[in-house]
Structures are given as structure tokens and as C-alpha cells.
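Let's take a walk through this structure together. Keep the sequence and the 3D view side by side as you read.

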Amino acid sequence: MNDSTPTSPSEPAIRVLSANLTPEELAAVTAVIDAAVAEELAEVLDEVQIGPSAWERSQRALRTPLHPGPGEWRSFAG
């Protein structure tokens, strides 16, 4: 395990190596990183296109429905 990986759930996922960072600056950096990660995740999820399943494709209509009635049925002889 490297230094950037938290070893327990109570450890922070981000380690800041600065002695002069105010809580407000830390909050701003964390917000920017969270937004960047959320944006990247949204782009990745948008790229995944889920099409119809094999079951849905097999259930599509193979021909148009037949409509009985006057003028609808014609013979092959013309």
C-alpha cells in the first residue's frame, strides 16, 4: 500500500502537505477536486450507451400487421 491510499475509513482520502493552509482554503481545494471528479464521472457515464437487450431485439415486430377489410387483401394474380 502506498502513502496516498487510506488504510482505514477514518483516514482522509486527501493528504495536504502545507503548513500555511487555512480551513477555508482547504475547503475550497476539496470542493474543486470533488467537482472535477464528479464531472469526469459524469463524462464517463455519458459515454456508456446502453442499447436494447437481446431479448428486446428479438421481440421487435418482424412485419407490419395485417388489416382485413375491403381493398386490403389482394391476390397474387393482380
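Start at Glu 43, which is partly exposed with a relative accessible area of 39%; here buried means under 20% relative accessible area, exposed over 50%, and partly exposed in between (1.4 Å probe, protein chains only). You'll find Glu 43 in helix α1, residues 23-47. This is a predicted model, where local features need pLDDT of at least 70 and side-chain atom pairs count only at pLDDT 80 or more, while totals for chains, interfaces and linings use all residues. Residues are numbered from 1 along each chain as its sequence is written, and side-chain values use heavy atoms, with hydrogens and water left out.

Patches are made of residues with over 30% relative accessible area and no salt bridge, joining like charges within 9 Å and nonpolar side chains (Val, Leu, Ile, Met, Phe, Trp, Tyr) within 5 Å. A salt bridge is a side-chain nitrogen of Lys or Arg within 4 Å of a carboxyl oxygen of Asp or Glu.

There's a nonpolar surface patch too, made of Ile 14, Val 16, Leu 21, Leu 26, Val 29, Ile 33 and Val 37. Val 37 sits in helix α1 and counts as exposed at 54% relative accessibility. Ile 14 lies in the segment before α1 and is partly exposed, at 37% relative accessible area. The C-alpha atoms of Ile 14 and Thr 30 are 8.4 Å apart, with the two residues 16 apart along the chain.

And the whole chain? Of its 78 residues, 0% count as buried.

Key
Helix = DSSP H or I, 4+ residues; strand = E, 2+ residues; numbered from the N terminus. Areas by Shrake-Rupley, 256 points an atom, 1.4 Å probe, with all protein chains shown as cover.
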